[in-house]
Amino acid sequence: GGLGTIQHTTTAMSSSTSTAADDLATLLAQLEKMLWDEKQSKRKIQNQYIVQNQKLEKELEDYRQQGKLKEKLQPPPKDSTTTIVAEAAAKGLEQTRTEQLETTAETEVIIAKTIEQQRLKKSGALTKQFETEKKQITKKLEIQKNQLQKKIEMEKKQLVREFETEKKQLLKANAKEIGALQKAHTKELDKCKKEMEKLTKKYDAGAILIEGFRQKVKALEKELKQKEKALQKTSKEADSYSSRKRRRLSRLMANTNNTEDDAPAGDGVGVEANADTTTDHRVTPTAARWQHRYEELQHFFRENGHSNVPARYVPNPQLGKWVTTQRTAYRFYKMGEHSSLNLEKIHKLQQVNFVFCLSAPGKNWYERYQELVAYREKHDHCNVPQKHPGGLGAFVLESRRMYREGTLAEDKIKKLEQIGFVWSLRNRGGTLQDRMRLQQQAQNNAANNTDSSSSSQN
């Protein structure tokens, strides 16, 4: 309601100011019209004056021309009375013309003065009327302004009162809502505390279970270490047994004078290869198993066009393991150690393009090492996948195998450990000191075996 009255009063003020402006505009239009009329009347008088001057000039010209013609046609008279009369008449015409011009100029000045006086009188009256109306309008505006201010103050006070009452009502409602929310919050907190207590109890029980699992893991680790030691012992015994058996076979072959083509000493054929060439070709269970895996490899070769079966081949995991064992057996065969491969099996594997060494040809160990350093700078680790293009995964796998067998040089081991090389992904293999100790023991055992063999031959 207060806003409506304010708007009504402002519209009234604007309407009154608009009427005053309209009155002023009409007065200015009347003044401009009067000035225009005065200019038009002045122009008319000037045009009349110009026309009269032109007529007088024409008359004078005609009179002069008539006088000249008379002078040309008539001879000059003996007495000069006629000339005197003519001159007097011309002078009279000139005087009348000048007098007429002066009278017209004076009349124009008088008319202009009268018009100016009338204009000044009218403009003064209009300005006085404008000033009076302006004063009246300003008084009315001041009165209306004061009335509006009073109304605005009254309405403002009313609005403040209404706002205060609404504020109090809202505060009461908010207080009730806050109380209800606090109660609900306390209930939820109590529930959360109870749940936390339950979770802490479960966590304590889980911690106890984890501790029990840790103890079991420690016990299993101890058992694994003991089994590893037992395996190391059995591997050493097997190596010594294979070396003794190989020496016995060589002595037997030397005594029976067999040809070097059947069992050459320098080509690296193992014990089982010699046994296959000297004995009859009876099918043993191991040979049947080998033939079965070989047929699976042929099937893989026909489907994929190569024989590089991954070590973790999901469709046939046993085939992947068998392929890796064939590569290790080939290395033992080339080193002259006990091996399950012979020439016949090697020829069969070559028929399916079997790759006995996965490391790429044409690159030495140090070139591969630089590639591994670049891989570590890019990926922050040295765990190269086995399927990595370029043969770097095969280099990593070969380095781990040589480390386990104790055939990797110490300078290479140090270089690899400087870049954070992991020797075993299952935390096996031991530290560098353990590997040095095992390598020293292997060298001592080899020296003892050579000494014993030389003494037995003597």
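In this predicted model, the side chains of glutamate 398 and arginine 331 meet in a salt bridge, with an N to O distance of 3.7 Å. Glutamate 398 belongs to helix H8 (residues 392-405) and arginine 331 to helix H5 (residues 317-335), so the pair ties together parts of the protein that are 67 residues apart in sequence. Glutamate 398 has a relative accessibility of 21% and therefore counts as partly exposed, the boundary for a buried residue being under 20%.

Side chains of opposite charge can pair when their charged atoms come close. By the rule applied here, a nitrogen of Lys or Arg within 4 Å of a carboxyl oxygen of Asp or Glu, the count comes to 5 salt bridges. Among them is the one between arginine 214 and glutamate 211, whose N and O atoms are 3.9 Å apart. Because arginine 214 and glutamate 211 are 3 residues apart in helix H2 (residues 81-256), about one helical turn separates them; glutamate 211 is partly exposed, with a relative accessible area of 40%. A salt bridge also joins glutamate 296 to arginine 293, with the closest N and O atoms 3.1 Å apart, and here both residues lie in helix H4 (residues 285-304), 3 residues from one another, which is about one turn of the helix.

Two packed helices are described by the angle between their axes and the distance between the axes. For helix H7 (residues 365-379) and helix H9 (residues 410-418), the angle is about 10 degrees and the axes lie 11 Å apart, which means that H7 runs roughly parallel to H9, as angles under 35 degrees are classed in that way. In this contact, Trp365, Tyr366, Tyr369 and Leu372 of H7 meet Asp411, Lys412, Lys415 and Leu416 of H9. By residue type, the contact of H7 with H9 comprises 5 nonpolar and 3 charged residues, with no polar ones.

How confident is the prediction over the protein? The mean pLDDT is 76, and 74% of the residues reach 70 or more. Over residues 256-281, however, the pLDDT is below 50, and this stretch has 22 contacts in the model beyond near neighbours in sequence. Residues 427-432 likewise have a pLDDT below 50, with 11 contacts in the model beyond near neighbours in sequence.

Notes:
Residues numbered from 1 in each chain as written. Predicted model: local features only at pLDDT ≥ 70, side-chain atom pairs only at ≥ 80, totals over all residues. Heavy atoms only, no water. Axes fitted to C-alpha atoms, helices over the stretch in contact; angles between N-to-C directions. Helix = DSSP H or I, 4+ residues; strand = E, 2+ residues; numbered from the N terminus. Parallel < 35°, antiparallel > 145°, perpendicular 65-115°, else oblique. Contact = heavy atoms within 4.5 Å. Nonpolar A, V, L, I, M, F, W, Y, C, P; charged D, E, K, R; others polar. Buried < 20%, exposed > 50% of the residue type's maximum accessible area, 1.4 Å probe, protein only. pLDDT = per-residue confidence, 0-100.
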